[in-house]
Amino acid sequence: MPTALLWFRRDLRLGDHPALLEAVAAAGRGGAVVPVFVFDPRLWGPAGLPRRQFLLDCLADLDGQAGGALVLRHGDPVRVLPDLAREVGAVSVHASADTGVYGRDRDAAVERALGDVPLVRTGSPYAVTPGRVTKSDGTPFRVFSPFARAWQQHGWRDPAPRPASVPWATGVPSEAPPEVPGLDGVVLPPAGEAAALDAWGRFRAERLEGYTTTRNTPGTDGTSRLSAYLKYGCVHPRTLLADLAGVDSESADRFRNELAWRDFYADVLWHRPESAREPLDQRMHAMAYDTGPEADERFTAWAQGRTGYPIVDAGMRQMAGEAYVHNRVRMIVASFLVKDLHVDWRRGARHFMAHLVDGDLASNNHGWQWVAGTGTDASPYYRVFNPTRQGKEFDPAGDYVRRWVPELRDVPARYLHEPWTAPGGVPDGYPLPVVDHAEERRVALERYEEVRGRA
């Protein structure tokens, strides 16, 4: 009886799953599919608690969909997969392609270790697999806008059909999942494929219209909140794009553009794997950042939402409460850390990855580089977000700040984003600004100009 292994990674669903279809075909009539997830210490170890818990919740949902057949194993996949393949007599191992830095090397090592049992990679977590969208001369894009145009022209496949049935193997020994300490009141989104599709359906019906505007207002429920589901593949972006086919509106175009950003950053990482940890713009290795006790104190104030700038503090407190931060606010808090506090972007990127449920290496670290002026931004040098102005523009009534910074709930809207100007001064319990934005903006621009002058 032929047996095929289906190695789940960032594709925790049964719908629109090409590798699943390949595994079913390989098993053939009378065969069986063994679904497996491997807790790889190289990935599990660095993951923050929110991502660990959400992953476990998604796996529990997937196991339910597979009739309790999901096999959990612990250890290095280079050892675990060949051992399991021999244990069940697998004729092939199937997986969605991993285009990440570690994933590429790991999969190549697994393929070698499997020997005569082929590792079949089908599909990827992206609408267009990284590396396929290039300039006419075959070189990669460095700027988003031309990439997005080429991405749109390239197009993507239709969603793969959900199999009518899957011959899941039963009785294969499974190990217990790892334990995750309590999250101290952090509220995570519901996990799994059905939850992802439900979230998409509600956004599509209730909030897509007007998305162009509401996506920038953190005080309203205007975004899709699909990032964690896309991170773990509870839904494939191709499914979303297919659902928007024929929808001709500014908001639909804007949402498609957000999916293009996700593919763009994965593409940048594919071509420049070192950019996961190092500046994409090599000149920025010379950028000066602050270190030492005072920088550490300011970083702690930022991380705890105690900077004295309300929109920044609200964002960091949202992260503590939901393991999530609104996209506009992510840019604001990142800019504040790098350009007001002069802290290396990599320190902020690591903090995000440790505390966000949707932490994704390509999107997170290249998003930080975009803000820091070390990455793909075509105009990085003079963009310094003014936290007070950003708060007034995108949270004018203060709904977002009031929700996450209770010390300011009674401050009138006209003073809310600069409470030090309110009659009577800053409310008790809320700090004064840790720095003067105008002065730190000047310092940041001087440092950028110094680096440019050396180039």
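Trainee: How many aromatic pairs does a search of the whole structure find?
Mentor: The search finds 23; rings of Phe, Tyr and Trp (its six-membered ring) pair if their centres lie within 6.5 Å, with planes under 30 degrees apart counted as stacked, over 60 as edge-to-face and the rest as tilted. This is a predicted model, in which local features need pLDDT of at least 70, side-chain atom pairs count only at pLDDT 80 or more, and totals for chains, interfaces and linings use all residues. Residues are numbered from 1 along each chain as its sequence is written, and side-chain values use heavy atoms, leaving out hydrogens and water.

Trainee: Why is the pair of Phe-37 and Phe-39 edge-to-face?
Mentor: Because the ring planes are at 70 degrees, with the centres 5.1 Å apart.

Trainee: Are Phe-37 and Phe-39 buried or exposed?
Mentor: Both are buried (under 20% relative accessible area, with exposed over 50% and partly exposed in between; 1.4 Å probe, protein chains only).

Trainee: What about Tyr-309 and Phe-336?
Mentor: That pair is tilted, at 5.2 Å centre to centre and 55 degrees between the planes. Tyr-309 is in the loop between helix 12 (293-304) and helix 13 (310-322), and Phe-336 is in helix 14 (residues 327-340), so the pair ties together parts 27 residues apart in sequence. Helices here are DSSP runs (H or I, at least four residues), numbered from the N terminus. Tyr-309 is buried at 4% relative accessibility, and Phe-336 is buried at 1%.

Trainee: Which residues do ring pairs link into a cluster?
Mentor: Phe-141, Phe-144, Phe-147, Trp-261, Phe-264 and Tyr-265.

Note on methods
Helices (H or I, at least four residues) and strands (E, at least two) are DSSP runs, numbered from the N terminus.
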